[in-house]
Amino acid sequence: MKVLIVGGGFGGVKAALELSSDSRFDVTLISDKKNFEYHAALYRSATGRSPLEVVIPLDEIFASRPNIEVVQDKVVELDIKAKQVTSADGCEYHYDALILAMGVVTEYYGIHGLPEFSYGIKSINEALELKRHLHDELTEHELDSHFVIIGGGPTGVELSGDLVHYLKKIEKAHKVTKKFQVNLVEAAPRLLPVLPEDLSNRVEQHLAKLGVKVQTGAVVQGEKVDSLMLPEGDIKTHTVVWTAGVTNNPFFKAHEKLFRLSKGNRVEVDDRLQAAPDVYVIGDSAFTKRSGMAQTALYDAKFVANNLKRQLKGQQPTHYRPRQPIGAIPVGPKWAAVADGNKRYYGRRGWRKRRWLDLKLYLSFLPRKKAIEAWRQGNQIEESCPVCAGS
């Protein structure tokens, strides 16, 4: 069976690995990037940790999988009747089964100034650009600095908690005497609105302890080169990090005649994760109850791969039942809040739980030695500034 997978994130990689164990599958994985990037850990690369934790070459992942071909290309067209996709360069790829795991992209909701002036953290390049800016802003300007993170979801919370510690490190290394303030702005009434309220409250309390100023119910009106506009007044800042909005990969909007789109342009799928005959949509791109988390993308990938194996055996497919992911939110050094069903873990115990989950994710798609190596990089410091590196 010829299986075509589009997307080199958790869902795409996991689906390919699950199918690689059966030589009857001929798998081509197409990604517009040559590396897998662990997006949930990008905030650590922006605050001084090694990027080797989050960037792993796809060729390395599949080096020992002879029935997996990795192609760096960008898919732009889909012909369901002909069962083929076409790339931007005009290359045609045929399939018996197509798995679309294309992920999401940044959405600014038409807010004036954000695309031009804000920083992002959706890729390793964005994370490293932000790190350089943080260093320059704190060391090269004499005035006090405001650092504003927009979005009180996991990424915004994790970045703001780590940012305070990182900025203090830069201050100490360069003997900076000016003051700084980290603001976390969220439009919803509370932080982490998709997670339990008791966990959200504990996270907000810890952020306040770290020195982060949390503003909930605050809808951003726009950004200028030196300020962020909020209903209660402007914040003078040269550093706004936008983590608040995503929408589905534009590929699906461009093919809306083929797909039924729902909230955030996510694709509606049936109980086999099919969006069309022999076309499966998984992970963040699918409109399912638990989409948006790495654990869900891995679960979806394994589910579809297992059904394709059942198909080859002439067995009936199983039906999709969403699984509740574990919510694990790091908030500053060695502290995390974890919701595992009705269980809660906070502080250092929660941090250990989160790090274990990171390792478990790596082990799910990397050889044991490579997984442990990548995971350990999360504790390694990598600084371009020799002064900070030596501190």
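Beyond its neighbours within four places in sequence, Asn 248 is in contact (heavy atoms within 4.5 Å) with Gly 103, Val 104, Val 105, Gly 264, Asn 265, Arg 266, Val 267 and Ser 285. This is a predicted model: local features need pLDDT of at least 70, side-chain atom pairs count only at pLDDT 80 or more, and totals for chains, interfaces and linings use all residues. Residues are numbered from 1 along each chain as its sequence is written, and side-chain values use heavy atoms, with hydrogens and water left out.

Asn 248 belongs to strand 18, residues 246-248. Strands (E, at least two residues) and helices (H or I, at least four) are DSSP runs, numbered from the N terminus. Asn 248 counts as buried because its relative accessible area is 2%; the cut-off is under 20%, with a 1.4 Å probe and protein chains only. A polar atom of the Asn 248 side chain lies 3.0 Å from the backbone oxygen of Asn 265.

Turn to Ala 275. Strand 19, residues 274-276, holds Ala 275. Its relative accessibility is 14%, so Ala 275 is buried. Leaving aside neighbours within four places in sequence, Ala 275 touches Leu 258, Phe 259, Val 267, Glu 268, Val 269 and Val 281 by the contact criterion. Leu 366 is 91 residues from Ala 275 in sequence and 29 Å away in space, C-alpha to C-alpha.

Now a helix. Ser 45 sits in helix 2, residues 42-46. Ser 45 is buried because its relative accessibility is 0%. With neighbours within four places in sequence set aside, Ser 45 is in contact with Ser 50, Pro 51, Val 54, Ile 124, Ala 127, Leu 128 and Lys 131.

How values were computed: Buried means under 20% relative accessible area, exposed over 50%, partly exposed in between (1.4 Å probe, protein chains only). A polar contact is a pair of N or O atoms within 3.5 Å; within protein, one must be able to donate a hydrogen and the other to accept it, and residues adjacent in sequence count only if both atoms are side-chain atoms.
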